[in-house]
Structure formats: structure tokens, C-alpha cells
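Okay everyone, thanks for coming.

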Amino acid sequence: MTNTPLGNRTELPPHVALVDLLPVESSQPCFRRDDFRALTEAVEAAADQRKRAVVIRSIRPEQFCVGADLEDAQQYAQDPREYIAEVNACWTTIERTGVAVIVAVDGPAVGAGFELCLCADQVIASDRAWFSFPEVRFGLPALSAARRLEGVVGRLQARRILLSGSRIGSSEALGLGLVSQVVSPPELEATAITLADSFARSGVAAMAALKDVLSTEVPDPDVTSLWFRRALGATPS
């Protein structure tokens, strides 16, 4: 997880941090356990540096995040508690840290990529972005995402999205309130940075207090662990 210079593309205000979502050397744009930890640390570092906003982006065109790396997750199938704690710590940090977190989505935001967007303060999507929680189709319900999604789109729409695993395009996502704005791919990063710049005068402590109040509850980690083991074929303990 790195802060990458922008060169001549977009001037980055001093109170805004730019964070690359996943390492470019990864073969697929998906979260490994270490990536959750790296994202947590990057957002915490921005807060420690008294930044006012963080823009999270993928540096891969049209490849935001296709979810968690199941091969990596398989290592923790028998006892996933530490893995789940790492994921929950990442989401909680984004939801409650005293900086505004803006996510710039180009391409698929699937599973953990979609949940990242639900935790963020603002989401800017390209017109080729799309969102999905397909986990139900292979026996792993997106439990931690369920309440977050319901809080954004309401009970019936959340049930439709979660129970069907269907794909939500950028225009529909805008109508549902899942994204703040839809732009063309070349405009995506600059739009996100401009939005981040609007938080320049917001106090870190005040933002943290507001985000803490607005944050949703996470599900019982023991229940999440049970489903995790079951979906990945581990023997129940």
C-alpha cells in the first residue's frame, strides 16, 4: 500500500493522501490478508499526519477489486478468527478515522471491494464501474456487508442485491445512493481529489466523532467465523 506521486496528472493538495488499493505486482486485483492490514496502516498514517482526506484508488485501469483472494483465505479456513479480525479492523478504521475517505472506483468492486465502498465517506465511480456481492452463490454470506448495505439502500434493495448476487452498474448505483457521482474514466481521479479537497477545513477530532456516530455495527465475529469455515470446507470446531 503506497502513496504514489501524481506527476503532471493532478496536483495533490497537501492535506490529501493518495493511497493505491492493491500492489501492482499482484496477479489479480483482490485482497490478501496483508492487503487489509496495509490499507488499515495507510489510512491510520494519513490521520497521524493530520491529513484531512484520503483518496483510495486502483492504479490498474478498469480493475478496482474483485474481492478477497480465496486461495489466501483458505489458509485460515480452520480458524478464521484472526483473519476476520484483520478485515473488520480495516473496515472500522475507514469508517471511524478522523479523515474523510473517498474511494475512486473504475471497473468491478466485488465482495470486499464493494464493502470498502460502503465503509467510505464518499464514492466516485467511472461509468464502467460495477458492484456485486456474489458470495451467496458459493455459500459464504456477506454478513458484515449486510447491515452496511441496508443502511445505504434500504431493506428491500439490500435483500435483492445480497440474495441474488446480482451486478449493479454505475448508473443504478448512483440512483441507489451507493456512489456520490459517476464520471468518465479520465475524470475519475481528479474528481475524487477535488472532492477530497473540500474537507480541508474540517477538524480531525470532529470528523472522527461524527463518523463514529454514523458507523454501523459489525456482526458477531463467531457467527462470521462459522460461515467462513463452512464455505471453505473446514471442519467445524
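Ser-126 stands opposite Val-183, which sits in strand 8. Before I go on, keep in mind that this is a predicted model. So what joins strand 5 to strand 8? Three bridges do, and the two strands run parallel. Strand 8 covers residues 181-183.

Now, strand 5 has another neighbour to look at. Strand 3, residues 100-105, pairs with strand 5 in the parallel sense too, over four bridges.

Is strand 5 largely enclosed or open? Well, it spans residues 122-126, and four of those five residues are buried, so the rest of the structure largely encloses it. And a handy thing for reading strands: in a regular one, the side chains alternate between the two faces of the sheet.

Okay, let's zoom out. The protein chain has 10 helices and eight strands. Of its 237 residues, 51% are buried. Take the contacts with a separation of 6 or more: 74% of them are between residues 24 or more positions apart.

Last stop, the outside. The chain's accessible surface comes to about 11200 Å², and 51% of that belongs to carbon and sulfur atoms. One place to look is a nonpolar patch made of Leu-210, Val-213 and Leu-214, with about 370 Å² of accessible area together. Leu-210 lies in helix 9, residues 204-214. Why does Leu-210 count as exposed? Because its relative accessibility is 56%, and the cut-off for exposed is over 50%.

Conventions. Residues are numbered from 1 along each chain as its sequence is written. This is a predicted model: local features need pLDDT of at least 70, side-chain atom pairs count only at pLDDT 80 or more; totals for chains, interfaces and linings use all residues. Side-chain values use heavy atoms; hydrogens and water are left out. Buried means under 20% relative accessible area, exposed over 50%, partly exposed in between (1.4 Å probe, protein chains only). Contact means heavy atoms within 4.5 Å. Accessible areas come from the Shrake-Rupley method with a 1.4 Å probe; for residues, only the protein chains shown count as cover. Two strands pair if DSSP finds at least two bridges between them. Patches are made of residues with over 30% relative accessible area and no salt bridge: like charges are joined within 9 Å, nonpolar side chains (Val, Leu, Ile, Met, Phe, Trp, Tyr) within 5 Å. A salt bridge is a side-chain nitrogen of Lys or Arg within 4 Å of a carboxyl oxygen of Asp or Glu.
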